[in-house]
Amino acid sequence: MPIRRLPPYLVNRIAAGEVVERPASAIKELIENAIDAGASRVEIQADGGGLSRILVADDGSGMAAGELPLAVERHATSKLDPGGDGLYDLLRIATLGFRGEALPSIGAVARLALASRARGEAEAHALLVEGGCLGAVSPCAFAEAHGARIEVRDLFYATPARLKFMKSARSEAMAIAEEVKRQAMAQETVAFHLDLDGRRVLRLEREAAGANGRLARLAAILGRDFSGNALALDQERDGVRLTGHAALPTYNRGNSAHQYLFVNGRPVRDRLLQGALRAAYADVLARDRHPVAALYLDLDPVLVDVNVHPAKAEVRFRDPALARGLIVGALRHALAGAGHRASTTVSAQALGGFRPGGS
Ligand SMILES: Nc1ncnc2c1ncn2[C@@H]1O[C@H](COP(=O)(O)OP(=O)(O)O)[C@@H](O)[C@H]1O
Ligand SMILES: [Mg+2]
C-alpha cells in the first residue's frame with residue numbers, strides 16, 4: 001500500500017480514541033474548558049450514562065462567533081501563547097487544557113453542539129459538528145449573559161467499535177459522578193450541579209477560597225464525617241506547597257478509592273500518593289486499611305510535566321522524591337500532633353454515638 005495522508009476526520013477519530021475513552025472523559029474535558037474559561041458555575045447533565053446525551057453549561061467568558069469553528073479545529077487552542085520571542089513554552093502550562101484536542105475529538109465521534117455568548121457580546125452563536133462534519137455558525141438563543149453550553153449527543157455513534165466497549169449506562173453514570181466530584185474537589189470556589197437522567201444527584205454551591213471553603217467542599221463530597229475527622233495540612237518545601245486534609249487513622253477505608261491528589265488544580269492519578277500515604281500511616285494503621293485523604297500540591301509549572309498523557313490524567317514531577325518527602329513528612333507531623341485526638345475518637349466511638357465536629 002502507498003503511504004497516505006489520512007483525512008482530518010479520521011485523524012480526529014483516532015485521537016478521540018485516546019482523549020475520549022468514555023462519557024466521563026468527555027465530561028472531564030468539558031468541565032476543564034469551563035474552568036479555564038473562568039466559570040463560577042458549571043451545570044452538568046447526562047442521560048443514559050452520557051452515551052445518549054451530555055450537556056455542560058457554564059457562565060465563563062464564552063466564545064465569539066468567529067471562534068466557534070476554531071474551537072472544534074484540531075490543535076487550535078487559546079491557551080498557549082507565544083511569548084515576546086515568538087516561542088511557545090510547554091514547560092509553563094497554567095491552564096487545565098492546552099492540547100486543542102478535546103472538542104475536535106468529541107465532534108469526530110458524536111453529534112456536538114456548541115452554543116455560546118462571549119462576554120460583552122449582544123449576540124449568541126451556535127455551531128454543530130456531526131461525526132466530524134462541520135455545520136455553519138448561526139445566531140441562537142442563549143439565556144446567560146455570557147458563557148457556553150456544550151451538548152454531546154450519541155457519543156461514539158461514529159465509532160461503533162468503541163461503543164461496543166461501553167459498560168452499562170449505570171456504570172458509565174457512576175464514572176461520570178466520580179469524575180464530577182474529582183473536578184469539584186479541585187475547584188471549591190466553583191458551583192457544580194449534576195443531573196443524571198433528569199435527577200439531581202449533586203448540588204455543590206460555591207465555597208470561599210481557602211482551607212475552610214475547601215474543607216466544606218470536601219465534606220459535601222466525602223461525607224460530613226470527614227470534616228470532623230480530618231487533619232489540615234499546610235507545608236512548603238523548596239517551592240512546593242502541600243495543603244489539603246487527611247483523615248485520622250480511625251477514619252479509614254477498605255480500599256484506596258478515597259485518596260485524591262491534585263497538582264496545580266488538576267486531579268491526577270499517581271502511585272506516588274498511595275505510596276506516600278502508606279508510608280506515613282504505616283505505624284498507625286493496619287496494612288489492609290486505607291486513610292481517606294485529599295492532598296493538593298501547588299508548584300511552579302516548570303517543576304511538573306503535564307504533557308505526559310492525552311487525557312492529562314498523569315503528571316511527571318521534576319523531583320518526585322521532593323513531592324513524596326513533603327507529603328510523608330507533613331502527614332507524619334500532623335498525625336503525631338493528633339495522636340491524642342485519634343485515640344479520643346476511638347474511645348468515643350467505642351463508647352458509642354459521639355463524634356467530634358458535632359456531626
Ligand atoms: N466552555 C468554554 N468556554 C469558552 N471557551 C471554550 C470553552 N470550551 C472550549 N473553548 C475554546 O475552545 C478551545 C478548544 O477547546 P479544547 O478542544 O478543549 O482544547 P484546549 O482546552 O486544549 O484548548 C479552547 O482553547 C477555548 O478557547
Ligand atoms: Mg480543553
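Arg111 counts as partly exposed, at 26% relative accessibility; here buried denotes under 20% relative accessible area, exposed over 50%, and partly exposed the range in between, with a 1.4 Å probe and protein chains only. The model is predicted, so local features need pLDDT of at least 70 and side-chain atom pairs count only at pLDDT 80 or more, whereas totals for chains, interfaces and linings use all residues. Residues are numbered from 1 along each chain as its sequence is written, chains are lettered from A and ligands numbered from 1 in the order in which they are written, and side-chain values use heavy atoms, with hydrogens and water left out.

Arg111 has a charged partner in Asp154: their side chains meet in a salt bridge at 2.7 Å, N to O. A salt bridge is a side-chain nitrogen of Lys or Arg within 4 Å of a carboxyl oxygen of Asp or Glu. Because Asp154 lies in the loop between β7 (147–153) and α5 (160–164) and Arg111 in strand β3 (residues 111–117), the pair ties together parts that are 43 residues apart in sequence. Helices (H or I, at least four residues) and strands (E, at least two) are DSSP runs, numbered from the N terminus. Asp154 is also partly exposed, with a relative accessible area of 30%.

The structure holds 20 salt bridges. Another of them joins the side chains of Glu188 and Arg214, at 3.7 Å from N to O. This pair links distant parts of the chain, with Glu188 in the loop between α6 (169–186) and β8 (191–196) and Arg214 in helix α7 (residues 211–222), 26 residues apart. Glu188 is buried, with a relative accessible area of 8%, and Arg214 counts as buried at 14% relative accessibility.

A further salt bridge connects Glu32 with Lys312, whose closest N and O atoms are 2.8 Å apart. Glu32 belongs to helix α2 (residues 23–36) and Lys312 to the loop between β17 (304–305) and β18 (316–317), so that distant parts of the chain, 280 residues apart, are linked. Both Glu32 and Lys312 are buried. Together with Lys28 and Glu29, they are linked in a network of salt bridges.

The side chain of Arg266 instead reaches the backbone oxygen of Thr95 at 2.9 Å and the backbone oxygen of Leu96 at 2.8 Å. Leaving aside residues up to four places away in sequence, Arg266 touches several residues, among them Glu32, Ile93, Leu261 and Lys312, where contact means heavy atoms within 4.5 Å.

Attention now turns to the ligand. Ligand 1 is surrounded by 19 residues, the closest being Asn33, Thr77, Ser78, Lys79 and Gly100; a residue is near a molecule if one of its heavy atoms lies within 4 Å of it. Oxygen atoms of ligand 1 lie 2.8 Å from a backbone N or O atom of Gly100, 3.2 Å from a polar backbone atom of Ala102 and 2.9 Å from a polar backbone atom of Leu103. Taken alone, ligand 1 exposes 540 Å², of which the protein buries 94%; accessible areas come from the Shrake-Rupley method with a 1.4 Å probe, and for residues only the protein chains shown count as cover.

How values were computed. Polar contact = N/O pair within 3.5 Å; in protein donor to acceptor, adjacent residues only side chain to side chain.
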